[in-house]
Amino acid sequence: MAASASSTSLKPSAASTNGLWLSQRRPLSTTFGVTALSFRRHRDQPRRFVVLSMDAKPTILVAEKLGEAGVKLLKEFANVDCSYNLSPEELCTKISLCDALIVRSATKVSREVFESSAGRLKVVGRAGVGIDNVDLAAATEHGCLVVNAPTANTVAAAEHGIALITAMARNIAQADASVKAGKWLRSKYVGVSLVGKTLAVMGFGKVGSEVARRAKGLGMNVIAHDPYAPADRARAIGVELVSFDEAIGTADFISLHMPLTAATSKILNDETFAKMKKGVRIVNVARGGVIDEDALVKAIDAGIVAQAALDVFTEEPPAKDSKLVQNENVIATPHLGASTMEAQEGVAIEIAEAVVGALKGELASTAVNAPMVPAQVLTELKPYVALSEKLGRLAVQLVAGGSGVKTVKVTYASARAPDDLDTRLLRAMITKGLIEPISSVFVNLVNADFTAKQRGIRITEERVTLDGSPENPLELIQVQIANVESKFHSAMSDSGEIKVEGHVKDGVPHLTKVGSFEVDVSLEGSIILCRQVDQPGMIGKVGSILGEENVNVSFMTVGRIAPRKQAVMAIGVDEEPSKAALRRIGEISAVEELVYLKL
């Protein structure tokens, strides 16, 4: 058995955040209360309840035009407000009444928008790929999930890129304008062939790789630059991955498909244009900001760049007197990359499904500011996600009042290799379980690490590699809280930490260990834990008391040190027992301590 550990140091902060996203299909607009009742013999604690309405539909603001199929899907689930062309002030005013916001590229979702939402905004959906118009840092701090629609417009954007390449090579736009002006200038608009020319695809993601496929079909030699692209995917298409300087220095055509980030902003500038082959032709269907537009004008005037075909601009729409747009060697289109009927409907459906799914509490495979987990992995991890949150909830409810939770250790045991197990999602749900029962803050996949850091919680993770078949992603998850006192002494391990452990059996989370005691109880309801002297009739006595209270027992298991010695009884219950019933159980002579834990 081999173990590897990693840790995240979290410093305390007095700040707070208001986010809301309840996991595992609980509606985001719903809050649930946590009841904790514990006592050692003849002692109980008051119950705490939070009760909110669960009937209200969420409200979704659609701030830019969305395909009818997407709007119809949204209306089946929520109240939909389609309000277009809102000013920043109008958007900030409206947003406090909305649970979700859907935008395209024109609407800026700034920090002020998230602050104005006062914690109600739970999901921002970007109907498209790029999310540079959304303040991701602010979204994360406010616990707001950001999702996009990365696949529906891929083909449309790639086709537009190819259309611009061919139109530019054959001067289609200029020749068309000339003929319509009554001219017939055949010799002026002699073009260049694409066959045998080298195309450099800058950014080899979904759109870039589709452009490469089509360019190969046109007889072009395709190279690509992308520091994150897997070499095997490039080889499968027949594309060679090269360095940035080699790509721009050898290409006859350059097609841009990278996102706009701090690293890519104005990546084509005076310095990079100087490294290009004279007469290069440039296409941009990505983001306008990746090109220094003033530098491009100079490069065209100097003959370094023969032509440019641009679908996107730093400022949209560009100024009417823009030297770049008015240049006769530039073809300009008004951000049409995704503008096909098929793509518009596809994007509308994709983003509507992502937003509705997120509002339902489902895990989003298109989340931008949360751990990116493929859909098939989400499906496999789903029961372990539930287990993680419930173990966190159990552990923190075992902490005695006044004990601050600062140090948490999570152990994952699996037969899979460490690289084959991404635990970020599980850690986020454990954090959610740890913080929500003792805080008014709602924690989700988005803000879990941020919220833990604010509260000075240091979470370490250890992965234990087991021998055996890796059929299941995990064999067990263990949560330990150090340097605290416990309201249920038996939950303390031999080394002095509160320890709970669980696994998934037949798709259902089970608690398998409390402290040093082995148990086996389903985590489908709530749990009563009692330490007792192991003797005949205990199960019957406890069961009779619960039966008289009409409390249904789903599971009951006893873990003991040895016959007639100390034992821990774990009882899964579907209903909450009354304080009187719990007191009666605690008054049984053999019961030494008792705790009721609400899941």
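At what angle do the axes of α1 and α13 cross, and within what distance do they come? In this predicted model, local features need pLDDT of at least 70 and side-chain atom pairs count only at pLDDT 80 or more, whereas totals for chains, interfaces and linings use all residues. Residues are numbered from 1 along each chain as its sequence is written, and side-chain values use heavy atoms, with hydrogens and water left out.

The axes of α1 and α13 cross at roughly 20° and come within 7 Å (axes are lines fitted to C-alpha atoms, for helices over the stretch in contact, and angles run from 0 to 180 degrees between N-to-C directions; helices are DSSP runs of H or I with at least four residues, and strands are runs of E with at least two, numbered from the N terminus). The two helices α1 and α13 are therefore roughly parallel to each other, a term for angles under 35 degrees. On the α1 side, E68, A69, G70, L73 and L74 meet E345, A348, I349, A352, E353 and V356 of α13, contact meaning heavy atoms within 4.5 Å.

Five strands form an open sheet with parallel pairing, in the order β4-β3-β5-β6-β7, where two strands pair if DSSP finds at least two bridges between them. Because β4 (79-82) and β7 (145-148) stand at the edges with a single partner strand each, one side of each is left without a neighbour in the sheet. From one strand to the next, the twist averages 20°. Four bridges join β5 (residues 100-103) and β6 (residues 123-126) in the parallel sense, and V103 has R126 in β6 as its bridge partner. Helix α13 (residues 341-359) lies across β3, β5, β6 and β7, running at about 170° to β6.

Notes. Parallel < 35°, antiparallel > 145°, perpendicular 65-115°, else oblique.
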